[in-house]
Amino acid sequence: LSTPSGYAVVIVSVERIFEEMNALVSQSMLFWVLVLGIGLLVGWFVSGVMVSPLRQLADSAHQWTIGSEEATRPSSALAGDDEIRSLWASLTAMKHALDQKTTEIARLQGNVEDTVRKQMADLQGMNRRLSEILALKNDLLLQVSHEVKTPLTALSGLVGNLRDGVVGDLTGRQQEYLAKITDTMNQIKRLLTTLLDFAMAE
């Protein structure tokens with residue numbers, strides 16, 4: 001359409017432009033919804049792939065704590081993941097080493113207990129034997145003391161009679177011998193007293 005001044009006028013339908021814009025917005029929204037849905041599916045799949053072996057690894061570790069034999073065999077789901085499989089192998093080796101050390105400690109503890117029991121039994125036997133020896137020693141000292149003291153008492157009485165002149169007067173030389181005999185008897189008495197005190201003290 002042209003005007004008297006020479007300008008051209010173009011008539012465009014606004015409704016058609018709005019329809020095209022609405023269609024473009026709808027397509028764009030559909031595209032982003034699809035992208036978001038695909039992203040969620042991929043995220044869900046990847047997290048399942050990563051979390052599932054870790055969950056199995058955690059379950060197996062829990063089985064270890066309760067002593068289950070099933071925990072010693074790796075799951076087939078772990079076989080494809082090198083890092084998880086390597087971690088599993090390390091944990092299995094650590095558990096095996098720990099089990100060996102625990103067994104070794106239990107064995108050594110049993111050996112120590114056996115050794116202590118044997119040494120205690122030996123010590124008790126030695127104590128019994130020592131008690132018997134001490135009892136024999138005391139009996140011997142008492143017996144010797146009695147066997148020596150009895151005649152010594154009688155001898156002391158006889159020496160006293162001689163000194164008192166019961167059998168007659170003594171010469172000076174006889175009195176010297178009698179004094180030496182008395183000193184010797186007193187030494188023997190002191191020795192017997194010391195031995196008896198020693199025996200009673202033990």
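A: **The largest nonpolar core**

Five residues make up the largest nonpolar core of this predicted model: Leu-152, Val-159, Leu-178, Met-185 and Leu-192. Two elements, helix 2 and helix 3, each supply at least two residues of this core. Helix 3 gives the largest share, with three residues. Helix 2 spans 82-164, and helix 3 spans 172-201. As a general point, nonpolar side chains in soluble globular proteins tend to be buried together.

Take Leu-178, one of the core residues. Set aside its neighbours within four places in sequence. Leu-178 is then in contact with Val-159, Leu-162, Arg-163 and Leu-170. Val-159 is itself a member of the core.

Now follow Leu-192. Leu-192 belongs to the core, and Leu-192 also lines the largest cavity. By class, the lining holds five nonpolar residues, one polar residue and no charged residues. The largest cavity holds about 30 Å³ of space. The count of cavities of 30 Å³ or more comes to one.

Next, the setting. The chain has three helices and zero strands. From the N terminus on, its elements run α-α-α. Buried residues make up 10% of the 202 residues in the chain. For contacts with a separation of 6 or more, residues 24 or more positions apart account for 51%.

One further feature involves aromatic rings. A search of the whole structure finds one aromatic pair. Phe-31 and Trp-32 form this pair, and its geometry is edge-to-face. The ring centres lie 5.4 Å apart, with 70° between the planes. That angle counts as edge-to-face because the cut-off for this class is over 60 degrees. Phe-31 is partly exposed, at a relative accessible area of 48%. Trp-32 counts as exposed, at 54% relative accessibility.

To return to the core: Leu-152, Val-159, Leu-178, Met-185 and Leu-192 form it, and three of its residues come from helix 3.

Methods. Residues numbered from 1 in each chain as written. Predicted model: local features only at pLDDT ≥ 70, side-chain atom pairs only at ≥ 80, totals over all residues. Heavy atoms only, no water. Phe/Tyr/Trp six-rings, centres within 6.5 Å; stacked < 30°, edge-to-face > 60°. Buried < 20%, exposed > 50% of the residue type's maximum accessible area, 1.4 Å probe, protein only. 1 Å grid on protein atoms, 1.4 Å probe; cavity = no way out; pocket = protein on both sides within 12 Å on 5 of 7 lines; lining within 4 Å. Points joined across faces, edges and corners; volume = space filled by probe spheres on them. Helix = DSSP H or I, 4+ residues; strand = E, 2+ residues; numbered from the N terminus. Nonpolar A, V, L, I, M, F, W, Y, C, P; charged D, E, K, R; others polar. Core = buried A, V, L, I, M, F, W, Y, C linked by side-chain atoms within 4.5 Å. Contact = heavy atoms within 4.5 Å.
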